[in-house]
Amino acid sequence: MSAADPAVGLRRTPLWSRHVEAGARMVAFAGFDMPVVYSSILDEHRSVRTRAGVFDVSHMGEVRLRGPDTLALAQRLFTNDVAGTGLGRVRYGLLCLESGGVVDDVTLYRTGERELLFCVNASNVAADLAWLREVHAKSGLDCAIVDESDATGLLAVQGPEALAIVARLAPAGAKPPKRWHFAHAELAGIPVLLSRTGYTGEDGYEIFAPAERTVALWDALRKAGGDALALAGLGARDTLRTEMAYPLYGHELDRDHDPVEAGLERFVAFGRGFIGEPALRRHEALGGPSRKLVGLVLEGRQVARPGFRILTPDGDGVVTSGTFGPSVDGAIALGYVPAKFAAGAKLHVEIRGKSVPCKVVSTPFYKRG
Amino acid sequence: MSDHDYKIPEDCHYTESDEWLRVDGATVRIGITDYAQSELNDIVFVELPERGTQLEAGRTFGVVESVKAVSDLIAPIAGEVVEIHSKLSEHPEWLNEDPYGRGWIIAITPEDIDELDRLLSAAEYRAHVKARSGK
């Protein structure tokens with residue numbers, strides 16, 4: 001999203017004034033001035049787990065592909081199965097380099113027979129566009145690539161009460177899309193792309209709206225949700241996604257790590273000829289990757305921050321994300337370790353010169369019920 | 001930013017690194033200020049020194065960790081740690097809820113009580129907070 005603030009060079013989403021009015025603590029994130037917390041990260045986190053919360057994620061990018069060869073180009077770019085993604089469906093996958101390294105992790109919306117939409121990380125919009133255009137140019141395929149990021153606002157409404165709250169704004173009798181599906185819908189008279197997806201582990205929606213209608217949508221949602229709908233900032237978004245062990249680009253994923261190392265094989269549809277596939281297949285021949293992303297539960301409540309060393313008998317690993325998990329009531333982390341350390345392995349994390357015991361666990365950390 | 005004013009009690013001394021000190025008989029209690037807890041947001045872990053530790057002015061004596069940040073506790077004056085608030089291990093949220101009361105961290109016997117005079121008064125600390133937060 002758009003408008004630049006000349007004073008600090010940070011961009012603002014359409015909801016910037018709403019955040020400031022609500023008393024949010026603002027931080028720079030991916031070039032945007034974003035709300036990290038309104039009152040308490042823990043409270044906002046728990047609201048999303050127990051009732052509902054609304055996040056402004058308008059900083060994220062939207063790139064549309066359109067033209068006769070859209071599917072062919074997307075299949076080159078995207079690790080997951082494009083042709084098998086029917087109209088109205090959403091798929092998560094990766095954009096990989098020839099090396100297998102990750103350019104970005106994205107969701108693909110199959111919006112038309114010859115059209116689709118990628119929702120991409122804010123920090124990667126420019127890099128993604130450059131990569132898409134480079135691949136497109138070499139391919140000779142007939143497909144237009146349009147950056148719609150500035151024209152699009154994006155809200156996430158997440159939590160057990162999210163569907164009921166959003167339903168109050170929908171026309172009577174409107175059916176909610178199923179999980180990993182989306183619909184073109186009208187909420188409070190605003191045309192939106194209503195997607196039954198999220199980044200919290202809770203049920204709910206991600207709602208794409210025209211930038212100039214995003215404030216109206218936010219206000220309508222807040223009115224419909226009342227006390228049941230908390231404002232939630234990037235801080236809670238991070239604790240929620242970490243409890244689910246969802247990767248965050250720049251932490252678990254980058255151009256030096258590939259989807260197999262990151263444990264994302266289920267989002268890789270082999271045999272479809274996407275860029276990076278031969279590199280990912282090489283792991284198989286070698287008996288698996290030499291390092292793997294794992295979940296760690298630490299003893300005590302100290303937080304293992306990104307970059308901290310994971311000490312193993314086979315050499316050091318590194319923490320990529322770490323936080324206190326409010327719903328698991330403990331310190332959790334994600335990190336890369338030598339591949340032989342699977343769930344159950346006991347390791348240590350070095351925190352300020354001290355060796356803190358931790359255990360490799362199966363993820364997600366948070367399991368409902 | 002939020003519209004509340006930070007609490008800065010008159011009966012405490014303050015440091016530029018956002019600790020407070022309050023004289024309590026022969027000892028001095030130390031904690032972190034309302035501004036500090038607000039900046040850190042939800043505190044989830046406190047690392048305390050052991051009783052009997054000799055603190056040197058300007059040296060780190062512990063750590064406060066929140067969901068999003070970690071902050072050193074810096075000894076404002078020299079002295080011996082005579083009490084530690086060990087319940088904070090179970091209730092780190094007390095630092096957020098009541099930073100000048102239930103959220104106290106340690107008590108020390110100062111080497112030289114006059115050292116307190118080098119620290120900031122409530123008015124001086126208020127100015128220091130204002131310079132950083134704009135209020």
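Predicted model: local features only at pLDDT ≥ 70, side-chain atom pairs only at ≥ 80, totals over all residues.
Setting aside neighbours within four places in sequence, A:Val349 is in contact with A:Leu296, A:Leu298, A:Ala304, A:Phe308, A:Ile310, A:Val319, A:Ala333, A:Val356 and A:Cys358. A:Val349 also belongs to the largest nonpolar core, which has 136 residues. Together with A:Leu155, A:Val157 and A:Ile207, A:Val349 is listed among the residues with the most contacts inside that core. Strand S19 of chain A, residues 330-338, supplies the largest share of the core, namely six residues.

Taken along the principal axes, the C-alpha atoms of chain A fill a box of roughly 60 × 50 × 45 Å. Among contacts in chain A between residues at least 6 apart in sequence, 66% join residues at least 24 apart.One part of chain A is an open sheet of five strands in the order S7-S8-S9-S6-S10, with antiparallel pairing. The edge strands are S7 and S10 (144-147) of chain A, and each of them pairs on one side only. On average, and with direction ignored, neighbouring strands of this sheet are turned by 30 degrees against each other. Although S7(A) stands at an edge, this strand (residues 90-96) is mostly covered, with six of its seven residues buried. S7(A) runs antiparallel to strand S8 of chain A (residues 102-112), and seven bridges join the two. Within this pairing, A:Tyr92 stands opposite A:Thr107 in S8(A). Five residues lie between the strands of the S7(A) and S8(A) hairpin, where A:Gly100 takes a positive phi near 95 degrees.

Helix H3 of chain A (residues 70-77) lies across S6, S7, S8 and strand S9 (115-120) of chain A, and runs at about 130 degrees to S6(A).

Chain B can be described in the same terms. There are three helices and nine strands in chain B, and along the sequence they follow the pattern β-β-β-α-β-β-β-β-β-α-β-α. The radius of gyration of chain B is 14 Å, close to the 14 Å that the globule rule gives for 135 residues, so chain B is as compact as a globular protein of that length. The C-alpha atoms of chain B fill a box of roughly 40 × 35 × 25 Å along the principal axes, and buried residues make up 41% of its 135 residues. Of the contacts in chain B between residues at least 6 apart in sequence, 64% join residues at least 24 apart.

Finally, the two chains meet. Their contact takes 13 residues from chain A and eleven residues from chain B. On the side of chain A that touches chain B, the elements giving two or more residues are helix H2 (41-50), helix H7 (234-243) and strand S18 (317-325) of chain A. The residues of this side divide into five nonpolar, six polar and two charged.

Methods:
Residues numbered from 1 in each chain as written. Chains lettered and ligands numbered in written order. Buried ≥ 20, exposed ≤ 12 C-beta atoms within 10 Å, placed from the backbone. Helix = DSSP H or I, 4+ residues; strand = E, 2+ residues; numbered from the N terminus. Pairing = 2+ DSSP bridges. Contact = placed C-beta atoms within 7 Å. Nonpolar A, V, L, I, M, F, W, Y, C, P; charged D, E, K, R; others polar. Axes fitted to C-alpha atoms, helices over the stretch in contact; angles between N-to-C directions. Core = buried A, V, L, I, M, F, W, Y, C linked by C-beta atoms within 7 Å. Rg over C-alpha atoms; globule rule 2.2 N^0.38 Å.
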